[in-house]
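Subject: The structure you asked about

Hi,

Here is the structure I promised to pass on.

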Amino acid sequence: MARLNTSWGEGFILVGFSDWPQLELILFIFISISYSLTLLGNTTIIILSQLDPRLHTPMYFFLSHLSFLDLCYTTSTVPQLLVNLSGLDHTISHGGCVAQLFISLALGSTECVLLVVMAFDRYAAVCRPLHYRTIMHTLLCHILAIASWLGGLVNSLIQTGLMMAMPLCGHRLNHFFCEMPVLLKLACEDTGGTEVKMFVARAVILVFPAVLILGSYAHIGRVVLKVKSMAGRRKALGTCGSHLVVVSLFYGSAIYTYLQPKGSYSENEGKFVALFYTIITPMLNPLVYTLRNKDVKGALWKFLQYGRESG
């Protein structure tokens, strides 16, 4: 236990992308632009969802939660990464590392549950259109949103607690933030029992939601294929296709990272894969959900016109 206190107490060095100095400037520019677009896009969705009455629907209620999640998630990692890439500081304190681990796990786990809720909302809209308003009433929407946040927090508490109970050797993290698979690499004792518990927790929060989402879209696909109108098919596919794109990007990269055995996890590959769910997916979410959405385009145009008239 002394080794644990010493290792965590000294803080950590985040190697980041210093192994590829020729990429640091390119990554700094790319990530700065991506982060700015993430802030702008997700903030816009939250504001429009609150201001425009046409967007006061379950779909946009959950989408605003997803946007807020993405804002928090990127902010928990990207500023540290930009400082790292600039070469100013590669260290992170014990408290900062624990906080970053807990927050990123909580937000990532919450998004896993929230994407299931959004899939259920699309299932109700496509497969039960006549009863949609009755099923997705306001109270249920709030309950599902709260359950998503609580589920993420509980999962993060479990995994962070188990991680902090593990003895660590060393303080050099070959990553750009304090992420679970990299910290597990520093474990200096046979912690098979603890690792199994953590793996089960990760599998539950990743695999179970993914199966539920696939099941929802299997039902949606069956219903869409029965629609005789080509316009109706396109509308249903357009509504659900964007969600599937987000799910594929998020779950694909997360499952690759978190469900690999510790021995086969590559830290160098993990850094680049982590860019997908910490930077690229949050940046793309606003575009994927709104690019072909007439309601959001109309709300944005109305908002911009109001701004011009006020100016």
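Let's begin with a term: a residue is called buried under 20% relative accessible area, exposed over 50%, and partly exposed in between. Keep in mind that this is a predicted model.

Next, the core. The largest nonpolar core holds 77 residues, and Ile31, Leu115, Met163, Leu173 and Tyr251 have the most contacts inside it. Helix α4 (residues 94–127) supplies the largest share of this core, with 14 residues. As background, nonpolar side chains in soluble globular proteins tend to be buried together. For a closer look, pick isoleucine 31: setting aside residues up to four places away in sequence, it touches Val78, Leu81, Leu82, Leu85, Leu275 and Ile279.

Helix α6 (residues 138–164) has 27 residues, which should span 39 Å at 1.5 Å a residue; the end C-alpha atoms are 39 Å apart, so the two values agree. Several α6 residues are buried, among them Cys141, Gly152, Asn155 and Met163.

Helix α10 (residues 267–290) has 24 residues and reaches 34 Å from its first C-alpha to its last, close to the 34 Å expected. Where does α10 bend? The bend is at isoleucine 280, by about 45°, and proline 282 follows within four residues.

Now to threonine 257, in helix α9 (residues 230–258). Is threonine 257 buried or exposed? With a relative accessible area of 2%, it falls under the 20% cut-off, so it counts as buried. A polar atom of the threonine 257 side chain lies 3.1 Å from the backbone oxygen of serine 253. Leaving out neighbours within four places in sequence, threonine 257 is in contact with Glu179, Pro181, Tyr265, Val273 and Tyr277.

Last, the charged pairs. How many salt bridges does the count come to? The count is 3, and here they are:

- Lysine 271 and aspartate 19 meet through their side chains at 3.9 Å, N to O. This pair links distant parts of the chain, 252 residues apart: lysine 271 is in helix α10, while aspartate 19 is in the loop between β1 (12–14) and α2 (21–51). Lysine 271 is buried at 0% relative accessible area, whereas aspartate 19 is partly exposed at 40%.
- Arginine 54 and aspartate 52 are 3.2 Å apart, N to O, in their salt bridge. Arginine 54 is partly exposed, with a relative accessible area of 45%, but aspartate 52 counts as buried at 5%.
- Aspartate 121 and arginine 122 form a salt bridge at 2.6 Å, N to O. Aspartate 121 counts as buried at 2% relative accessibility, and arginine 122 is buried too, with a relative accessible area of 9%.

If you want a place to begin, go to lysine 271 and find its salt-bridge partner, aspartate 19.

Cheers

Definitions and conventions. Residues are numbered from 1 along each chain as its sequence is written. This is a predicted model: local features need pLDDT of at least 70, side-chain atom pairs count only at pLDDT 80 or more; totals for chains, interfaces and linings use all residues. Side-chain values use heavy atoms; hydrogens and water are left out. A nonpolar core is a set of buried Ala, Val, Leu, Ile, Met, Phe, Trp, Tyr and Cys residues joined through side-chain atoms within 4.5 Å. Buried means under 20% relative accessible area, exposed over 50%, partly exposed in between (1.4 Å probe, protein chains only). Helices (H or I, at least four residues) and strands (E, at least two) are DSSP runs, numbered from the N terminus. Contact means heavy atoms within 4.5 Å. The expected span of a helix is 1.5 Å times one less than its number of residues. The bend at a residue is the angle between axes fitted to the seven residues ending there and the seven starting there. A polar contact is a pair of N or O atoms within 3.5 Å; within protein, one must be able to donate a hydrogen and the other to accept it, and residues adjacent in sequence count only if both atoms are side-chain atoms. A salt bridge is a side-chain nitrogen of Lys or Arg within 4 Å of a carboxyl oxygen of Asp or Glu.
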